[in-house]
Amino acid sequence: MAISWSESHTLGTREKVFSWRIDSRGNIFIKRKFRNCRFPRIDKVSCNHLDKLQNFMQDREWKALANNAAKLYLGTEKEGVGKFLYRLRRDVPYAQLASQLAAIYYHSGVWEWNEQKRGMKFLLLPGNWQEKTIQHYRDSLAQEKESTYIEDYIEDFSGSCVKVKPGQAQDKLQEPLQEGLQQDEVRKIEQTKLSTFFGY
């Protein structure tokens, strides 16, 4: 069976695209492209680490993103999500997954975000975080599949493909329809003129 990756982006000032997926055990895999690397890096965040992260968020206090690479390396980073991940595994790129996990959990409705691009903070929301995350993953895959289908297969009345971006599908579908209706009206008027002229 093919692995299905969902595409998303981080929440900061410089949004970075990444792909992610969940396996049957609840582990999250995140695929990122680094500037100087030829191939993307894929990290697994185990369900055990994810449980510990949610327990860290349980006190219902706002937690900083806290995943600055230099500060993590020097040990001067403030308390927060990135520093917590760094304590779980002493690897700066792993700790920086805080950005991707924050985006996933925010879009899943697991965490609330203070809406700040700088000084980002997150708060755990009530509810089953695993179910919410899995549902968001499924929904995002379904939405991507639908968007791809719309982009690839919408055809106008002349038979040529119309490229559609997500959110524009309705407008793009209406344009050829309106053009077709206008052409029908013109044909009817011309037919009426001809029948009047020739008397049939």
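How many bridges join strand 5 to strand 7? Two bridges join them, and the strands run antiparallel, with strand 7 covering residues 121–124. Strands (E, at least two residues) and helices (H or I, at least four residues) are DSSP runs, numbered from the N terminus.

This is a predicted model: local features need pLDDT of at least 70, side-chain atom pairs count only at pLDDT 80 or more, and totals for chains, interfaces and linings use all residues. Residues are numbered from 1 along each chain as its sequence is written, and side-chain values use heavy atoms, without hydrogens and water.

Three strands make an open, antiparallel sheet in the order 5-7-6. Two strands pair if DSSP finds at least two bridges between them. Strand 5 (63–64) and strand 6 (111–113) are the edges, each pairing on one side only. Ala64 stands opposite Lys121 in strand 7.

**Salt bridges**

The whole structure holds eight salt bridges. Each is a side-chain nitrogen of Lys or Arg within 4 Å of a carboxyl oxygen of Asp or Glu.

| Pair | Closest N to O |
|---|---|
| Asp43 and Arg32 | 2.7 Å |
| Arg89 and Asp91 | 3.5 Å |

Shared partners join Arg32, Arg41, Asp43, Arg89 and Asp91 into one network. Asp43 lies in strand 4 (residues 41–45) and Arg32 in strand 3 (residues 28–32), so their pair ties together parts 11 residues apart in sequence.

Buried means under 20% relative accessible area, exposed over 50%, and partly exposed in between (1.4 Å probe, protein chains only). Asp43 is buried at 4%, and Arg32 is buried at 6%. Glu79 is partly exposed at 45%, as is Lys83 at 22%.
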